Each structure stands twice: as structure tokens, then as C-alpha cells.
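The following exercises ask the reader to work through contacts and links in one protein chain. Please consult the sequence and the structure while following each solution.

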Amino acid sequence: MMFKISALAALVSSAVAHMAITSPCPRYSANGIDCPAVPAGESIDYSIKSPLAADQVLCKYTTPYATPSATWTAGQSVTVSFQNDGAAHGGGHCQFSISYDGGNTFVVVHEELQYCFFGAASSSNTAAILDYTFNLPADLPSSDSAVFAWTWVNAIGNREFYMDCADVAIKGTSTSYTGKQMTIANHNGYPTIPEFAGDYTTGLTYYTNAAQITVTGSGSTSSSGSSSGSSSGSSGSSAVSSSASPVAHTPSASSTASVAVPVYTSTSAAAPAASSTAVASASSTGCTHGVMQCNGTGYKVCVWGTWSALINCGAGTACKQTSASAVICDWP
Ligand SMILES: [Cu+2]
């Protein structure tokens, strides 16, 4: 009986939680995988799944872990994993970025614009994609104290800016990397991207017109291209103390519970009760929305009748089918 009550409480609270990365382990995460020890003076973040509060610093925290969450080599394939019980708000614009100056200036290394967590337009709150695997740029410079960030502007719901940061070491041979500056929106001092209302190009120009910047392993930054002025990673964030005010969201009880052991876990809800337009678009290729299928070195997800591109499992792991709508990338 006690178990039933606590399980119900966990379900209720997870319904109001949002998205967060679990790997690489973001700063002070309660749910991350292979997390370093929380630095002295800081505490575990049980509200890691909440968006940045309007006055909160980038990354939410300025004190890095004493040791990196991951050590990556420039050019290698990396997998970023998300916790599977957060609200995915119909997707939106995600970026994956790196900072060499302690979390002030971020340059984009990968992005999943428009359809993050789904691969297509969706009215669902349950993510269909929980792992993104991509190649790091081959010309990332080395650093023992780089900061990796996932950022997200949600398609549906309150206007929010999500940002989790993980401390990473990078092994590279290049002295500098040039790429797009990370876009910041729905945050104090930055533009507001409205709810998409079905138009997944909403706010896209803030991403496509972002300045090209060149960063070095020692943390210097120079602007190397035209800028729309829409994103600035450094203004208003570098001198703020780390004692950020609490976010407006109630810490969820479920975040104290441990997560599943496998390193990369992907699940997908059964097909939601779809609107008539969604049903109409699901019939073309015959797969059922939400179904996942192991395929060679990774897996595919059926999104509204269309199979996604192959999503690779992390290095050293293999795809195992656990149900029609769930796979695990597990150690063999
Ligand atoms: Cu949310």
C-alpha cells in the first residue's frame, strides 16, 4: 500500500517535470549518469528539470565540477541522453554547444531545430527521441575545463529557456573552432520566441542568423562573421554570483528516485490519442507512431507514420528491444 501511494506521487510529480539531460551528467544533477561529486558549498539540484528562472545565470550554476563528467575527443561520436519522464512540450529548438571561457560564451556544435525530441511536428508532451548522437567537430581545441550545454526553446506552453551544463574535457589538435554562437531566448535581456502554434519555423531566424564566432582553447573569443545581434552569450551573465534564486517550479519528488541503470535508455509512449490531422498524416508509410525498432548499431523511431533516421547507440553499447515502443542501448 505504501508503495502504491509513493508510486502514484511519483507519477503525478513527473507530469509537471520537464526535460533534462542525464549524460553527460549536468552540474549537480540528482538524476545524471556517472556524475562527479558536487563541489563544496553547492548541493544536489533536485529541480534540474526546470527551465532557467528569468534572472538565473546561464547554466544555472557557475561553479564547475572538480572533475569532468566526460572526456571527449574532437571529431568523435557522442551521445547526449535525456531523462525519460519529462514534459517535452511538442518539441522546439535544441542546441548543443561548448564554452571555453567558463560558461560565458558558447559555440554551437550540433543542433536539433524545430523538432527536438520528436523528429516531426507533434502536439505530444512525451518525447519520442531521448538520445541524440552526433559527431563533435574535428577542430575543437583541447581543454580540461570546457562546458558543454544543452539548450531548448519549447514549442508549446509557457515561454521558457532550458539550459543544462556539463563540465567536459576535450582532446583536440586545433587551436581554434569557428561556429555559430548559441542562441538565447525567453530569458532576461533576450528576445522572446512565442509559442509555435503549429508553425515550427517560429523563432528560427534567431538561430539561422546567429553570429559566427571563433573560440580558442584558452577561452578567447572573436567575432568572425555577420551577426544578427540576436544572440549574445556573454552579456549580463559573466559577473553574476552563483547563488541563483530558486526556480519557480516545485522540485519534483520523483527526482530523488534513482533512474534506470542502463547508460542510454530510450522509451516512447504508445501512440497518443491523436487529433484528426495527426491521424491523417500517419497513414502514409504504415508504421505506428511511437514504435521503436533496433536496427544495426542503433534504433529508429516511428514518428507519425514515418521512420526516423537511424539513431546510433553510444560507443560500446548495443540496442536491445524491450517492448514494441522501447529500446535500451545497453552494455552487451
Ligand atoms: Cu515545461
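The exercises below concern a predicted model, and each is followed by a worked solution.

**Exercise 1. Aromatic pairs around F82**

Task: Classify the ring pair of F82 and F96, and determine which parts of the chain the pair links.

Solution. 
Step 1. The ring centres of F82 and F96 are 6.4 Å apart, and the cut-off for a pair is 6.5 Å.
Step 2. The planes of the two rings, F82 and F96, stand at 65°. An angle over 60 degrees counts as edge-to-face, so the pair of F82 and F96 is edge-to-face.
Step 3. F82 belongs to strand β3 (residues 77-82) and F96 to strand β4 (residues 92-99). The two residues are 14 residues apart, and the pair links distant parts of the chain.
Step 4. The limit for a buried residue is under 20% relative accessible area. F82, at 3% relative accessibility, counts as buried, and F96, at 0%, counts as buried.

Task: Classify the ring pair of F82 and W150, and locate both residues in the chain.

Solution. 
Step 1. Between F82 and W150 the ring centres are 5.0 Å apart and the planes stand at 80°, so this pair is edge-to-face.
Step 2. W150 lies in strand β7 (residues 143-154) and F82 in strand β3, so their contact ties together parts that are 68 residues apart in sequence.
Step 3. Both F82 and W150 are buried.

**Exercise 2. Disulfides**

Task: How many disulfides does a search of the whole structure find, and what handedness does the link of C25 and C35 have?

Solution. 
Step 1. The search of the whole structure finds 3 disulfides.
Step 2. One of them joins C25 to C35, with an S to S distance of 1.9 Å.
Step 3. The torsion about the S-S bond of C25 and C35 is about 95°, so this disulfide is right-handed.
Step 4. C25 and C35 are 10 residues apart, and each lies in the loop between β1 (21-23) and β2 (70-73).
Step 5. C25 has a relative accessible area of 0% and is buried, whereas C35, at 30%, is partly exposed.

Task: Describe the geometry and the position of the disulfides C59 to C165 and C94 to C116.

Solution. 
Step 1. The sulfur atoms of C59 and C165 are 2.0 Å apart. The link of C59 and C165 is left-handed, with -70° about the S-S bond.
Step 2. C59 lies in the loop between β1 and β2, and C165 in strand β8 (residues 161-171), so this pair ties together parts that are 106 residues apart in sequence. C59 and C165 are both buried.
Step 3. The sulfur atoms of C94 and C116 are 2.0 Å apart. Their link, between C94 and C116, is left-handed, with -90° about the S-S bond.
Step 4. C94 is in strand β4, while C116 is in the loop between β5 (106-112) and β6 (131-135), 22 residues apart. Both C94 and C116 are buried.

**Exercise 3. A sheet of three strands**

Task: In the sheet of order β1-β3-β6, which strands stand at the edges, and why is one side of each left without a neighbour?

Solution. 
Step 1. The sheet is open, has 3 strands in the order β1-β3-β6, and shows antiparallel pairing.
Step 2. The edge strands are β1 and β6; each has a single partner strand, so one side of each lacks a neighbour in the sheet.
Step 3. On average, neighbouring strands of this sheet are turned by 30° against each other, direction ignored.
Step 4. β1 and β3 pair in the antiparallel sense over 2 bridges. I21 stands opposite F82 in β3.

**Exercise 4. The copper ion**

Task: Which protein donors does the copper ion have, and how are they spaced along the chain?

Solution. 
Step 1. The protein donors are H18 (ND1), H89 (NE2) and Y162 (OH), lying 1.8 to 2.4 Å from the copper ion.
Step 2. Along the chain, the donors follow the spacing H-x70-H-x72-Y.
Step 3. H18 lies in the loop between α1 (2-14) and β1, and H89 in the loop between β3 and β4, so this pair ties together parts that are 71 residues apart in sequence.
Step 4. Both H18 and H89 are buried.

Conventions
Residues are numbered from 1 along each chain as its sequence is written. This is a predicted model: local features need pLDDT of at least 70, side-chain atom pairs count only at pLDDT 80 or more; totals for chains, interfaces and linings use all residues. Side-chain values use heavy atoms; hydrogens and water are left out. Rings of Phe, Tyr and Trp (its six-membered ring) pair if their centres lie within 6.5 Å; planes under 30 degrees apart count as stacked, over 60 as edge-to-face and the rest as tilted. Helices (H or I, at least four residues) and strands (E, at least two) are DSSP runs, numbered from the N terminus. Buried means under 20% relative accessible area, exposed over 50%, partly exposed in between (1.4 Å probe, protein chains only). A disulfide is a pair of cysteine sulfur atoms within 2.5 Å. Two strands pair if DSSP finds at least two bridges between them. Axes are lines fitted to C-alpha atoms, for helices over the stretch in contact, and angles run from 0 to 180 degrees between N-to-C directions. Donors are N, O and S atoms within 2.8 Å of the metal (3.2 Å for Na, K and Ca); water is not among the atoms, so sites may look incomplete.
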